[in-house]
Structure formats: structure tokens, C-alpha cells
Number of protein chains: 2
Amino acid sequence: MSELLDEMNALGERLRRASQKVRRASGATRTAALHALARGLRSNAEALLETNGIDVDAALARGLQGSVLERLRLTPERLEEMIRAVTDIAAQDDPVGEVTGLKVRPNGLRVGQMRIPLGVVGIVYEARPNVTTDAAALCLRSGNAVLLRGGSEAAATNTALVEVVRAALLEVGLPEDAVSTLPSTDRAWVLEMLKAERWLDVVIPRGGEALIRFVTEHARVPVIKHYKGVCHIFVDRAADLDMAIGVCVNAKAQRPGVCNAMETLLVHAEIAPRFLPRLALEMEAASVSLRGCDRTRELLPNVDEANEEDFYAEYLDLILAVRIVDDLDAAIAHIETYGSDHTESILSQDHGAVTRFIEEVNSAVVMANASTRFADGGQLGLGAEIGISTTRLHAYGPMGAADLTTRKFIVYGSGQVRS
Amino acid sequence: MSELLDEMNALGERLRRASQKVRRASGATRTAALHALARGLRSNAEALLETNGIDVDAALARGLQGSVLERLRLTPERLEEMIRAVTDIAAQDDPVGEVTGLKVRPNGLRVGQMRIPLGVVGIVYEARPNVTTDAAALCLRSGNAVLLRGGSEAAATNTALVEVVRAALLEVGLPEDAVSTLPSTDRAWVLEMLKAERWLDVVIPRGGEALIRFVTEHARVPVIKHYKGVCHIFVDRAADLDMAIGVCVNAKAQRPGVCNAMETLLVHAEIAPRFLPRLALEMEAASVSLRGCDRTRELLPNVDEANEEDFYAEYLDLILAVRIVDDLDAAIAHIETYGSDHTESILSQDHGAVTRFIEEVNSAVVMANASTRFADGGQLGLGAEIGISTTRLHAYGPMGAADLTTRKFIVYGSGQVRS
């Protein structure tokens, strides 16, 4: 254990030193590193796909299947998407160095704030190779060093990807240690990483609720996280019903296994008799099972009963809880009680109802007349996202490169002293 | 213990409900509450001073003295300062509701961010009655509810102050529970409060390093904090020496017991022979003892030796560590090794040196040609400060009302679905 700590300290020291060089590098140098990375991924494509094959074969041999295997597998198309994400991030505005709010105080001091990198970012994630390049690119864009700990199933792939990243860093004269991995995927090493508050400024877990709870429980380093997404759509009495059908089916069924899929539908009582029978047909066509409150089941007698737990549930599946509410206030109260502060959408043509919903619901993403599936860094215009936060400190909602920075105060004087 | 937990949950629930009403109240209502508070403090001045006398007498009877007693004591002038702080906060821009960055995405979605309150803020502080009204006012300005836990020595004073605050809330139709205190100053209650992540969105400790470490160690609620201020001034070779004398004496001696006082002076080797002998005379006149590195002691043979610990020390006293460095790089390297990320200032007329220092030193407050004593929310234009952060998540440096908010994403669509 103490040997591990020594190694962690040595790794941390290398990261900290590298982070100082990265943050002093110009934006142009960091952009050049990202372009070098994109080129490196393309020229190493064959070798990367071959290495990924080793991870996939090993996973198959251990009996892995389904979505885990699916996420682990690299294809030429996926690699192309990863390259495009890196190129997109290279094209983003450089958040570092921006000065805001420079004002002159009565005593002549000029006071403002300058955006700076956080320092060293830790990422703990599952077997998704694209997170390796997304995270490295976002951290470099924002002037940070990064310590990556990916899932053990993707160990060979991640090692190969990080080699390409480090070669790109060296190509532009940046220290390769700025993107580092733990020496092993052993759990003991993750635990050591989570305690390294001396070296890491933040840890961001990316993955399922179990991973996030593990990180939160063991971390002494500050964590930015979200546990789950129990996303709601409220179909107001003034909703455009055709639009509502389209949005609801999309929010539930387009990709049910992700955190921004709708889990509970709230329907205004006045519109429910006209809306729910139509919706039930469309949902059935999309293979979605409904679980309804008592009032819903009066309109849709074949629907299963939703109990209290259903309204707290993140199904991540083709299941939808449905509740009829008396008005906007009841919808907001339901979201306050059962919600997870992730994403909620109101469908309504009534300006007053939209305004109240947008202002009063304080989830991380609040929408009107759009599918909850847009709650995603790329869709909201942040470029690739480094994660999503449903705690209100530091960042709230999808986080892009700018969320890996903070602002220091800068003060220019001419000899002012305090009396 | 479980009874305590039940009581904490009941208190938390009341706070959460009150916070929902406060955040939905208009800015004008919250401003009116602050004006009502200012009036209430003035009309209850006599009773408040009398109640404070009870705390002071009890403290005297227990043998308290010095700065602790000094901070506990209310005087008509101090009460007037507290009222002025509340009035200043009432005059501040309302941070809540501000919408920024509203842009149209290629698919027609309009995406922006809206500033919202954190929710419920916890403040743990020592026996300083002004923190009670400052914290209540800043939390109301920013639309938050607040749970206050002040030092036991000020219990009677704080109870009386909170009664005035709650009367002001009722006067404008806001729930009085929005500003609450723990039912007792027992340590068991603080511990319960620090674990109440279900009810509190953040805890801010205000006080000495021991209090802050206690809070950090026991909190499951996110904490915003700073441990200490080891503030540096670097006198560059291109410094104006008259200005440098004035700024250094002010930064060290004007109020040595606070976190933004200078603790270590770094002097460029080229200017040290002309600067240090003059400085030594002025510091002696201000009763400041110097502790110098070997090169300093060659110039000032009577000065005590500074050892490694001196460069890490937050003296909070009329003591100053002095080190001669070869150049700007050495000064920055010293600050990176020994600093506490609080406040540093360069004294120089060389534009290039100033620019490099401001850009490369990533402490919370970085200054040029000004006393470190200006690192304070009031001085930097934030109005009264709720605390100071030397960790980079969420806020960095002095924090005002706007730092008690976060930003949610708002999205306006016209039926967009994701493909």
C-alpha cells in the first residue's frame, strides 16, 4: 500500500509538472496538438482496430455481450467519429485566458477575472474507447493535464490510444505526461487515485450509477457527477398534440438506454382523454410498455399500474410511467418530488405556461417543445462533453471544455494600499 | 442520535420548502426583505446591543479575551456597519434569472443558460455576529435559504439577530424558515448538519484553519473553503522602490492577523541591495520582525534565519519571511512550491514582467502594484463576501452573492426530435 502511494505521488508530481507546461502553452500549440492527434488516429487506424480486436476477443471469451460489448468495439466508422470529435474540439474557442468584467474601482484599482485551467483532471470511466480521446482532447483544449482510468475490458485499446495521444503531444513540444493513465487497472490503484487530492483538482466519473457511487464514496478529491436521469415530459393542456406524439415517442424510444431518455410522462387532465389513447397506440408501435396512475388506467384500461417506485425509476428501457396531473403546478410539484435534476421538457403553445415551467423547474436542463434527448453537450453546442453534472456546484448539466476551467481575480494597481 | 436525525430532517424539509418560495419570489421582494432587515436592525439596536452584552459578560466570566472577545462585541458603530452591509447588498444587481449565451442551433433549438440559486446554503462560523447578517443578506440576495450555525459564545446575539431577520422576511411575505439556525450549538448538531446532503447544497465554513479542517473532515455536503493564506509579494528589479516600501509595509502590518496579509516577501537579486536595507528600517518602525534566507542575511546581518518551515508559514502576526530570488521565474517557482493559492502581488514597472506574473501565477487573486490586503470581496467590488475559496471548483477567490448561484440550461424548441 505504501509502495502504491509512493508510485501515485511520483505519477502525481509528473502530472502536476506537465500541467504547468500545458497551461502555459499557447492556444495555438494546444490546437496543433489536437490536429496532430487527429492525424495520428487516422494513420494508426489499422493498428488501433487490430488492438481493439484483442480486447473484444478477450471480452467474448469471458462471456461479455450486449451493450457492454457493443460499446467496447471499435469500427472504422466509430474511429472516424472519434477523429471528428477531436477535430471539432480543435476548432472550438480556446476558453483559457479570457478576461471578463474588468472594471475600475473608486481607488483606481482595475479588477477583473481571467479564465484558467483547473490543473489536473481525473476521469474514471467504463470500457468505452471514445471517452479516452474525447477526455484527452477536452482536457488539452482547456489547458489541463489528465489522468485516465478506463475500464479493464478496454485496457489494450486504451493503452494504444493513449500512445497516439502522447506522440501527438511530443510532436508539438508538449510534455507527454500531460495525458497519463494509471499503471494498472487494479481496483487498489483507482482507490489511490481517488484519494490523491494533492495532485488532482477534480475527478469526473463517467458510467453507470454503480461506478458513480463507488467514486463518490471513496473520493477525497472533489467529484463532479450525476447519479441518474429520471427525465420528465409534461404535456400541457395547450400542447400541439401532433408535435407531442412525435416528441414523446422520440424522447422515450429513440435510444431508451441513455440518461436523457424520458422516464415519466405527465399529462394535463384536460387534454389526457384526447392525447393518451393516441399516444398509447404510437408507444405500442414503438414497443414501449406503459405503467399508469389510476386516472391513466381509467382512460387506458389495459395499461399496468404504476406504483410509487415507478415514479422514482430510471428504467433505461422501453418502459414509461404515465401520470395525469391537474395543472402545471401539480406537474412542477411531481418533478420536485420524484425528479433527479437532470432534464425536463414542457410541451405547450401557451407562452405563460412555458415561461413558468422554464423559470420554476430548476433541473440542469429545462426545455420547451423539444425532446429530452437533446440534453447532451454536443447537441447543446458545447462540442463533445466531458460529463454531466446534476449537483449545482461548479457546473450544472452537460459539461464542455469551458467547464474544466475556473476564474482567478486579476488586479492592476499603481501602488494602492489599504487604509 | 436517531432523534437528532429526525429533527434534522424536519428542519431540512422546512428549509427546502422555504427555499422554493424564496427562489420564486421576485428580485424586488427579496430587495424589500433586505430593506426591512436594515430597518429592523436599526429599530432594535438597543435590544441587540443589550443582548450582545449578555454574551460578552458570559465570555468575560469564562476568561475569553483578545481578538475573540473583540470580534464578539457589538458596538453602535459595528451595528451601523452591519446595517450598511445589508443596504449595500440590497442595492446589488440581482444575480437570479440572468440569461446568457442564448444561441440558435442548426436545428432551430434556442439554447442558453439561466442563473438560479443553489438552493439551501449552510454556513458554519465563529463568534462574529456580523457574519449572521452578512450571510443572511447574501443568501436572500441570491434567492437561497440558509442554515446558520454560529459560535456558541455569540448564541444569544445570533438568536436575537435571526429573530430580526425572520421578522423582516414575514414583513414582505417570505417564509421565515428561509433563514434558520440549528436548535442548539452542540457539536452533535453541527455533525448532523454536515451530513445533511439531502437538504443542503453546499456548506461554507468561515473561521480559522481548525474550524475549516473540522468541517471538511466531517462533511458529506460539498464544501467551499480556503485553509490559509500564505500571500507573497515579489519585488521585481524594475519596481518603483518608494511604492514598494509603502505597499509591503501595508500588506504586512496594516492588519497582520487576516488571511490576505503578506507572509513572504520575494526580492529580485538585482534590486535587493538597494531595497532591503530601506525596507528593514520601515518594517522595524512598524514592529515587524524579519526572517531571511542566507542571501538576505548577507545584506541584513541582524535578521534571524528563515528555515524551510518559515516559507510555508501563515504567521498571522508581525513576522515576515524574506527571500532573495534570481529572477521572475524563481519567484513564480517559489510561489508554486510554498504558496496556498490565495493572493500574490508583483511590484514592477516592467510591462512584460507584470504580464507574465499575472498570467502564469494561478492563485485565486493575482495582483500588480497593489497591497495583498485588497483580496477581499468588498474591496474587489462584490459587496460583502460570503467567504473565500482557494479550491478551484465552483468559485476561486472571494465569493459574493453571484457565487451562491449556478446556471441551468434552457432550451426552446418547436417540436424538434433527435434522429
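Predicted model: local features only at pLDDT ≥ 70, side-chain atom pairs only at ≥ 80, totals over all residues.
1. Residues are numbered from 1 along each chain as its sequence is written, and chains are lettered from A and ligands numbered from 1 in the order in which they are written.

2. The interface. Contact requires C-beta atoms, placed from the backbone, within 7 Å. Chain B gives 51 residues and chain A gives 51 residues. On the side of chain B that touches chain A, S16(B) has the largest share, 11 residues. That side divides into 24 nonpolar, 17 polar and 10 charged residues. For these classes, Ala, Val, Leu, Ile, Met, Phe, Trp, Tyr, Cys and Pro count as nonpolar, Asp, Glu, Lys and Arg as charged, and the others, Gly among them, as polar.

3. The sheet. Strands (E, at least two residues) and helices (H or I, at least four) are DSSP runs, numbered from the N terminus; two strands pair if DSSP finds at least two bridges between them. An open sheet of 10 strands, with mixed pairing, runs S10(A)-S9(A)-S11(A)-S8(A)-S7(A)-S12(A)-S13(A)-S16(B)-S2(B)-S1(B). Its edge strands are S10 (304-305) of chain A and S1 (99-104) of chain B.

4. Pairings. S16 (405-416) of chain A pairs with S13(B) in the parallel sense over five bridges. There, A:Ile410 has B:Val366 as its bridge partner. Within chain A, S8 (262-268) and S11 (319-325) also pair in the parallel sense over five bridges. A:His268 stands opposite A:Val325 in S11(A).

5. Helix packing in chain B. The axes (lines fitted to C-alpha atoms over the stretch in contact, with angles from 0 to 180 degrees between N-to-C directions) of H6 (129-141) and H7 (155-171) come within 9 Å and cross at roughly 25°. H6(B) and H7(B) are therefore roughly parallel to each other, the cut-off being under 35 degrees. Among the contact residues are B:Pro129 and B:Ala136 of H6(B), with B:Leu161 and B:Val165 of H7(B). The contact holds five nonpolar, four polar and no charged residues.

Technical notes:
Parallel < 35°, antiparallel > 145°, perpendicular 65-115°, else oblique. Contact = placed C-beta atoms within 7 Å.
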